[in-house]
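Good morning, and thank you for joining.

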Amino acid sequence: MNDRRFNALLGFAALLIVFVFAGFVLTLVVQSLPAVKQEGAAFLYGSEWNPVTARFGALPFIIGTLLTSAIALVIAIPLSLSAGIVMGEYVRSGWLRSLLNTLINVLASIPSVVFGLWGIEVVIPLVRNLAVLFGAPPYGAGILAASLVLAIMIIPYMSSMTREALMNVPAGLREGAFALGLTKQEVVTGIALPFARQSIFAGILLSLGRALGETMAVTMLIGNATRIPDSLFSLGNTLASVIASQFNEAASDVHRSAMMGLALMLLLITMIAGWFGRTLMRKGASAYGK
Amino acid sequence: MENNAFKSRHQIRAQKDRFFKLAVMIPSGIVVALLILILAQVVIKGARALNMDFFFKQQKPFGETGGGIVQAIVGTMMLLGTAIVAALPFSLLASLYLYEHRGSKRAKMLATTINTLQGIPSIVIGVVIYSWIVVPLRSFSALAGGTALAIVMLPLMTSMIHASLEMVPPSYLEAALALGVPRWRAIIDIILPASASGILEATSLGVARAAGETAPLIFTAFGNPFLSLSLKGPVSALPLVIYEYIKSPYDDWHQKAWGAALLLVLFVLILNMLIGSRKKH
């Protein structure tokens with residue numbers, strides 16, 4: 001062993017990791033070719049997905065993915081921002097803070113399948129009652145149930161990222177504002193939140209990335225129906241949930257290839273959300289340096 | 001008159017302040033209540049399923065009550081063991097690469113790749129490992145499942161180990177180099193031992209993260225109703241059991257799903273707590 005060999009070993013491992021990632025993309029592209037060749041651009045906008053007649057249009061799943069994530073964000077943003085503000089501004093020390101931190105950390109580490117289980121036993125009956133109230137078909141499972149649980153799942157990430165963003169606001173700014181006689185609310189909404197807004201928005205985007213790719217809880221709660229959802233109570237499927245529920249049962253090569261295509265779409269969508277999130281995060285972090 | 005106007009404006013501001021506090025406290029209270037509710041339900045419903053048979057007996061045939069989930073407990077251990085064996089060396093080497101080449105273009109590229117890998121939905125990992133390992137070997141296997149979990153762990157472990165390497169004071173390395181120690185020996189004998197606790201932490205966090213992953217296992221480890229110790233064959237796992245049992249029509253299996261959920265949550269929490277308590281010291 002010498003320095004050169006040691007460096008070569010490190011370089012080999014680094015290269016291998018880059019290759020593994022490139023291999024991921026390449027595998028998905030190559031394997032999805034048969035389905036893309038058969039369907040052409042209709043693979044993206046076709047609304048019919050029928051393995052029996054071998055029609056593969058991914059639109060219902062793309063809509064399902066975007067819709068559930070959007071609803072989850074709408075629910076999660078006010079709750080997470082509130083929790084983040086409380087942790088970052090109101091209880092910055094003491095037992096209440098450690099309780100909140102512990103709870104949020106615990107929730108962040110609970111596996112997705114456990115959320116699915118909880119959703120089946122608690123959220124589905126709740127949504128079923130709601131559906132009856134609104135005169136919708138009482139499935140229980142569906143877009144709403146999946147979105148609700150998705151929202152609960154991303155709250156820990158979003159609120160801890162909001163807290164971090166607020167904790168990083170320079171103390172001088174806050175102290176100066178208090179010295180001028182501003183109230184706590186004015187300091188938070190006028191100084192701290194505007195200062196931290198890029199990092200908070202980055203946190204929202206990174207949470208969105210998680211919601212888009214979330215599989216198990218959604219698969220267990222969305223009802224796994226191939227259709228374009230027309231109401232909150234409608235059954236549906238997301239890109240991830242259709243792969244989870246159909247991949248092992250795929251009977252034909254084209255069906256499997258189409259599923260690879262869905263995986264590729266999912267990968268691209270989450271990569272874009274993650275890339276935007278990280279870029280904003282860097283920008284937000286560099287704002288603190290000024 | 002002017003004084004009054006000032007006073008009322010002050011009152012409005014004070015009121016707004018109180019209102020804002022309430023407006024953030026109430027939703028936070030809802031969040032806390034939800035979290036406690038979920039945890040309490042997992043503990044209460046899960047505890048009912050726990051008994052000796054649950055830990056030490058295999059699954060009974062469909063529809064029969066009793067039995068246990070030893071096949072899933074053992075399966076999860078096998079999968080996590082395989083994943084660690086595969087992921088630890090590569091994350092060590094990759095984080096050392098980031099450490100040794102910091103600031104270089106290649107290191108930045110590797111860091112970006114690792115960040116991107118971390119964001120890949122785990123179901124996509126399952127699909128790719130299926131076509132990389134399951135198809136050529138013509139069988140679902142613990143090996144494939146372990147590899148999928150290794151890819152889940154790798155980015156997390158690499159970035160954590162890298163962070164702990166960077167925490168070692170550079171003077172350690174400089175002192176060793178000044179004594180004439182070759183660089184690679186200095187790294188292996190000085191830097192790595194100095195960040196041992198960080199490496200351990202990264203490993204347990206990686207395990208905690210991978211233990212609950214279900215999506216990458218469905219097409220790789222697949223699940224198995226029987227206890228299997230073969231790396232080449234399909235194995236069960238705790239998350240797979242939860243997913244499968246709750247879909248079944250049997251109350252006994254539903255209860256076992258909650259038991260498995262409690263077991264899984266406890267395992268993950270204990271790993272996280274170990275890390276938390278280390279950080280305090």
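Let me begin with a term: two residues are in contact if their C-beta atoms, placed from the backbone, lie within 7 Å. The model is predicted; local features need pLDDT of at least 70 and side-chain atom pairs count only at pLDDT 80 or more, whereas totals for chains, interfaces and linings use all residues. Residues are numbered from 1 along each chain as its sequence is written, while chains are lettered from A and ligands numbered from 1 in the order in which they are written.

By that contact rule, 59 residues of chain A meet 61 residues of chain B. On the chain A side, the elements that give two or more residues are α1 (3-39), α3 (59-90), α4 (95-109), α5 (112-134), α6 (143-167), α8 (184-213), α10 (239-246) and α11 (253-289). These names follow DSSP runs, with helices being H or I of at least four residues and strands E of at least two, numbered from the N terminus. The largest share of this side, 15 residues, is supplied by α1(A). Its make-up by class is 40 nonpolar, 16 polar and three charged residues. Here Ala, Val, Leu, Ile, Met, Phe, Trp, Tyr, Cys and Pro count as nonpolar, Asp, Glu, Lys and Arg as charged, and the others, Gly among them, as polar.

I turn to chain B. Its domain assignment, of a kind that is automatic or from a database, gives domain 1 (2-47) and domain 2 (54-58 + 68-280). The C-alpha centres of these two domains of chain B lie 39 Å apart. Five residues of domain 1 are in contact with five residues of domain 2 in chain B. On the domain 1 side, three of them are nonpolar, one is polar and one is charged.

Next, one helix of chain B. Helix α4(B), residues 105-119, has 15 residues and reaches 21 Å from first to last C-alpha, close to the 21 Å expected, a span taken as 1.5 Å times one less than the number of residues. Its buried residues include B:L110, B:I114 and B:L117. Buried means 20 or more other C-beta atoms within 10 Å of a residue's own, exposed 12 or fewer, and partly exposed in between, with C-beta atoms placed from the backbone.

Finally, which residue in the loop between β1 (49-50) and β2 (55-56) of chain A deserves a look? A:A54 lies there, with a positive phi near 60° although the residue is not glycine. A:A54 is partly exposed, because 13 other C-beta atoms lie within 10 Å. B:F222, in the loop between α10 (215-218) and α11 (238-247) of chain B, likewise has a positive phi, near 70°. B:F222 counts as buried because 22 C-beta neighbours lie inside 10 Å.
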